[in-house]
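Please read the following account alongside the sequence and the coordinates.

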Amino acid sequence: MPNSLQIGIIGAGPAGMMAALQAAWLGAQQVTLFDANAAVGRKLLVTGSGRCNLTNVAVAAERYACSDPAFLKEVFARFGREELLRALEKIGVLATPTLDGWYYPLSESAATVVDAFAAALDEAQVKIHLNSRVTGLRAERTGFVIESADTVWRGDRVIVAAGGQAYPTLGTRGDLYPLLAALGHTIRPVYPALAPILADMRALTALQGVRLDVTAQLWQKKTLLGEATGNLIFTQWGVNGPAAMDLSHLVSSRPGALLTLTLNFLPRDAEIRLRALLHQKRRAPVPLRALLGAALPPKLPPVILAQAGLKPDVRIDTLTDAALEEVIQRLTHLSLKVEGVRGFEYAQVSIGGVPVEEVIPGRLESMRVPGLYLAGETLDVVGPCGGFNLQYAFSSGAVAGCSAAQRNNDNKEA
């Protein structure tokens, strides 16, 4: 049922667009969306390498870096994967999972998803101000004031979904953090997340361009900070791919720390199977390099053998058990000296911003400023690669939009 609420939303990314639709669908009299870009959904266009990885079958609160996992449990309880898939289908986006559980649109095109959101916003009569960077946000006795490049808006409630600092070329530069700080919110330092890791690669130059699945562990001296299993890509400056990117926030948030990245090239059951093959061929006059090729890309065995002090064509039958075990150890515990991460321009998301403890769980309303709601990267939450961060953006936007549109601040489901 329509109500008299005027809701302003800052940021037309995934969280902001979903918030706008939910608020409009729940009957807010007018929803106004502000964005610094020339079109809505600019950041959504680049997700999933242009394919738009919407969500993941494994989405769960414990998979995210967040100071209060219970907070995310409440968000996902109100608007989780199934609610997202229904909302996407409502606007004309049909999603399907891959064998590994990563959801993409059937079109495999982020552009079609953005088009669907734009059409849905128009149908819902959301008023959109584009090329309109917000420069002021004030809370007054009767509501809020948003000052932007082209207008001064006054209304009842505001949702901030302006993103963090990743992809600054797409307009996410952290401009809203000072405004939120002026309203009384804490702003934690913001760092790149889901970014490539910089490392000393001098001994591994031959591996540039090699891509394979690994288990990566990040260590600070003898303390294990995090572990990720997935694809890894070797570059001239470090490592890229999900296995590295999932750990990058642990690096960027520790500037100057002495960190080591340990790589296991035989994740899951690969080590067991390779050991069985080597045992079977233990007395055969066969180059070890050829046997290692059963589980590894061709550029890797010569590098590992060199690191173990062995010649590239050494035969397995000439090795001592200790020498063979040394090769296995190099394959399961190769260490890289970490030198940092690439900057915000290479990061998919950022970590930091407003602590989740400063919003009401399940509503995302500010505990400092009633009527102000926070969603997406504005809050200090980050998930791994694979659709987790888009799910969180959509979920937090939906919860904020539904909560803001409720006339009496009741707790109807999103």
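Contact here means heavy atoms within 4.5 Å. The model is predicted, so local features are given at pLDDT of at least 70 and side-chain atom pairs at pLDDT 80 or more, whereas totals for chains, interfaces and linings use all residues. Residues are numbered from 1 along each chain as its sequence is written, and side-chain values use heavy atoms, with hydrogens and water left out.

The chain holds 12 helices and 21 strands, where helices (H or I, at least four residues) and strands (E, at least two) are DSSP runs numbered from the N terminus. Its C-alpha atoms fill a box of roughly 85 × 40 × 35 Å along the principal axes. Of the 414 residues, 55% count as buried; buried stands for under 20% relative accessible area, exposed for over 50%, and partly exposed for what lies in between, with a 1.4 Å probe and protein chains only. Among the contacts with a separation of 6 or more, 74% come from residues 24 or more positions apart.

Because 11 of its 12 residues are buried, helix 1 is largely enclosed by the rest of the structure. The buried residues run from Pro14, Ala15, Gly16, Met17 and Met18 through Ala19, Ala20, Leu21 and Gln22 to Ala23 and Ala24. The elements that cover them include strand 1 (6-10), strand 2 (30-34), helix 3 (81-91), helix 4 (110-123), strand 11 (157-160) and helix 12 (388-404). Helix 1 is followed by Gly27, which has a positive phi, near 100°.

Asp35 lies in the loop between strand 2 and strand 3. Asp35 is buried but has no salt bridge, and the nearest side chain of opposite charge, that of Arg42, is 7.1 Å away; in this count Lys and Arg are positive and Asp and Glu negative, while His and the chain ends are not counted. A polar atom of the Asp35 side chain does, however, lie 2.7 Å from the backbone nitrogen of Ala12. Beyond its neighbours within four places in sequence, Asp35 is in contact with Gly11, Ala12, Gly13, His129, Leu130, Asn131 and Ser132.

Strand 3 (residues 55-56) contains Thr55, which is buried, with a relative accessible area of 0%. The Thr55 side chain makes a polar contact with the side chain of Gln391 at 2.6 Å, a polar contact being a pair of N or O atoms within 3.5 Å; within protein, one must be able to donate a hydrogen and the other to accept it, and residues adjacent in sequence count only if both atoms are side-chain atoms. With neighbours within four places set aside, the residues in contact with Thr55 include Arg81, Trp102, Tyr103, Gly386 and Gly387.

Two strands pair if DSSP finds at least two bridges between them, and 3 bridges join strand 5 to strand 6 (residues 102-105). Within the sheet, Pro97 stands opposite Tyr103 in strand 6.

Charged pairs come next. A salt bridge is a side-chain nitrogen of Lys or Arg within 4 Å of a carboxyl oxygen of Asp or Glu, and by this rule the count comes to 19. Arg51 and Glu108 form one, with their closest N and O atoms 3.4 Å apart. This pair links distant parts of the chain, 57 residues apart, with Arg51 in the loop between strand 2 and strand 3 and Glu108 in the loop between strand 6 and helix 4. Arg51 is partly exposed at 29% relative accessibility, and Glu108 is partly exposed at 44%. Glu82 and Arg81 meet in a salt bridge of 3.7 Å, N to O, while Arg138, Glu140 and Glu147 are linked in a network of salt bridges.

Phe344, finally, is found in the loop between strand 18 (334-341) and strand 19 (349-353). Not counting residues up to four places away in sequence, Phe344 touches Gln165, Ala166, Tyr167, Pro168, Val190, Tyr191, Pro192 and Ser350.
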